[in-house]
Amino acid sequence: MNPVVRKIFDRGSGHPIVDLSGETLADLLSAIDELSDEAIASDLFHAMWTSRSPDCDAAISHNIDVAEDPGLVAEIARIVTLEPRVHLPDRFTSDLLRLADRRDRHPITRAQALKAAYVLSLGRPSDMRRLQAQLLDISLDDEPLFLQHAATVIGFILAHIRDDELLMVLNNLMAVKAAESEAAMSLGLLWMAEGLGATEETAALTAFEASLQLMRRAIEATEVRIDAELFSRCLTVLLAFAKNEQGVGLGDLIDEIHRIAFQYSATAFPSDDRARSDPWMGAPALEGIRWYELSIRIAQVDQRFRSRAWLHAARVIEEELVRLYAASRSILLHTRDGGIDAIIRPRISDGLQRDRARLATLEQWLEENQEAAHSPSVAAVRGMIAEALEDSLRRHPPAAAASEDAVAEALNQLPPDLAVGAREHLRSSLVNFDLEVTDPILLQVWSDLAAGLQRNDDYRNNSGARAFFNTILYSTLSFVFSRTNLTVSAVSGIDYLFNRDKANLPIEKDLQKDFYSFLQSTALRAVAIRERNDLGGGRSDIDFVLGGASVVAELKKTDVNHDLQGLAKAFGLQTAAYQRSSYTLCVLMVLDLVDRRGDAPNVRECVGLQEVVPPGGTTMYSIVVVRIQGMRKPPHDLK
């Protein structure tokens, strides 16, 4: 038997990767031919890919050249995506492009080769140019199924690179029935991004109208296109607001967006087929969260005052569409072990939405601050803010952008004592807004937790529970990452993390106030309740309540040097007790006051999943344990 084939067959349990770096080219080529029709052909490719010897690389080129089975090439695409190589022979991309161009191969074989070529081209400009050139020469009489996948790849390229000639190819692909929906959807997203970044009214209207027509075409061209349906409803609201067509039933549109986004969000998490088959394509987990956040936020629009309701709905939709576009068109770059190394985000301008967020945050603070309730000057400032927001949403020059000047003017009109508090709140909230540019490590930690949560019945079997807890988990991790990185003066109210006075140590209330304040700049603001009574026979610290279900975040402090498992043993039963009549999912956040010489652990050591079975029953509860390190010093003081 060929020695390479013998090694592949003799791998043993667990399917360890075989080292083929010492094998000859002749034996490798023979093994490829011998295993070409076998299910383990992908294992041979995997072994050659990881062995990295010159003979293995030469054999890989041959393997790509002779590949016919769609399943094998799909595995090749997955391997090159999840296990990237730093030093890659130039010929690999060319080999894949040649395979993608061969009409004698199955269309799915060719489509997977095209996707693999795209992944290898990321960060390699010369390869990307070759890919773009080949796509420019695509023929509309090619296999329809291949053209459908080509439209997907072209859509992603155009989200990151401006190429007018390739844009024409994507437009032409709408004439192919099989590719029409995907091409129209990709074009619709591009026009939507143009509209969101436009600062002039005419440009925004033109872009949004073009996007809406393309979304409708994407819907008509296929049986099910829920994402396009959601985008079309959101665009309908934006256009009706911009054109003052407020006779359109806003209430019905809000109800539809809320309902469909809520349902659709549950299908877009790592367990779905897209995340497994195309691990480079977008960030499905984050996309699901964005739809869920839109569902929560749009449901909170107060419809009692029609003009204000339209303004609020339009602002919320624009903010969430920016995030949705970024999530759906991002590219995940992986580490050698399959983790997430980086996120390449698409081209989109979000300046308008960020500036509006500043004004909306200030408006919200004034509305909720009791000192401001009866001040005539505050009423005038709130009117000024509403006018600036409307001008921005309508792109009315010269106030097309609700800029820092508008915020500064509003602050200057406030009484001095209120202005101080407003500035501090605004500063804190803006840091939180910026952190929504997701760190790839955060996404990796989140994905790892999600994998472990599959052991929980509620999380695995109840899509509503899964989507709700995912959103809570994402905001919780964002808080952990922010408090790990911020300096003591960056945000008001986080000095407790740097308090090393053993005679006046921080208390749990400091953590609760900080976390709750952070949540006010997220979609969970509408569902987070502090110190809710009569829950599990006690009072919870922070309870997230939606649709009759609740998830508790229990907040504690400790000066005992526990690991995450120890924290779960110390506080897990109390945390789980609050969930006795709801989902068996909860969060335990602990302020760690152990003096680690002013240092803090790596953030990966501060978050983990623990499972607890209370002695009163047999039900297992999943507790995400989070450690927030206190007693810290600034990096320059560490010795």
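So, E4 and strand E5, residues 549-558, pair in the antiparallel sense over five bridges. Pairing here has a cut-off: DSSP has to find at least two bridges between the two strands. And strands themselves are DSSP runs of at least two residues, labelled E, while helices are runs of at least four, labelled H or I, with the numbering starting from the N terminus.

Before I go on, this is a predicted model, so local features need pLDDT of at least 70 and side-chain atom pairs count only at pLDDT 80 or more, while totals for chains, interfaces and linings use all residues. Residues are numbered from 1 along each chain as its sequence is written, and side-chain values use heavy atoms, with hydrogens and water left out.

Back to the strands. E4 and E5 make a hairpin with two residues between them, and in the turn you'll find Gly547 with a positive phi of about 60°.

Which residue of E5 is the bridge partner of Ile542? That's Ala553. Ile542 also has Arg530 standing opposite. Glu531 and Ile542 are eleven residues apart in sequence, yet their C-alpha atoms are 5.9 Å apart in space. Glu531 is partly exposed, because its relative accessible area is 27%. For those words, buried means under 20% relative accessible area, exposed means over 50%, and partly exposed is in between, with a 1.4 Å probe and protein chains only.

Okay, salt bridges. We count one when a side-chain nitrogen of Lys or Arg is within 4 Å of a carboxyl oxygen of Asp or Glu. How many does the structure hold? It holds 37. Let me walk you through three of them.

One is Asp142 with Arg103, at 3.8 Å, N to O. This pair links distant parts of the chain, 39 residues apart: Asp142 is in the loop between helix H8 (125-136) and helix H9 (144-160), and Arg103 is in the loop between helix H6 (91-100) and helix H7 (107-121). Is Asp142 buried or exposed? Asp142 counts as buried, because its relative accessibility is 7%. Arg103, at 46%, counts as partly exposed.

Another is Glu180 with Arg217, at 2.8 Å, N to O. Glu180 lies in helix H11 (residues 177-197) and Arg217 in helix H12 (residues 201-220), so this pair ties together parts 37 residues apart in sequence. Glu180 is buried at 13% relative accessible area, and Arg217 is partly exposed at 31%.

Then there's Lys243 with Glu209, at 2.5 Å, N to O. Lys243 lies in the loop between helix H13 (226-242) and helix H14 (250-265), and Glu209 is in helix H12, so parts 34 residues apart in sequence get tied together. Both ends are partly exposed: Lys243 at 36% relative accessibility, Glu209 at 32%.

Salt bridges can share partners too, and that's how Asp65, Glu68, Arg102, Asp104 and Arg105 end up joined into one network.

Last stop, Glu34. Where does Glu34 sit? Its place is in helix H2, residues 25-34. Glu34 counts as partly exposed, because its relative accessibility is 44%.
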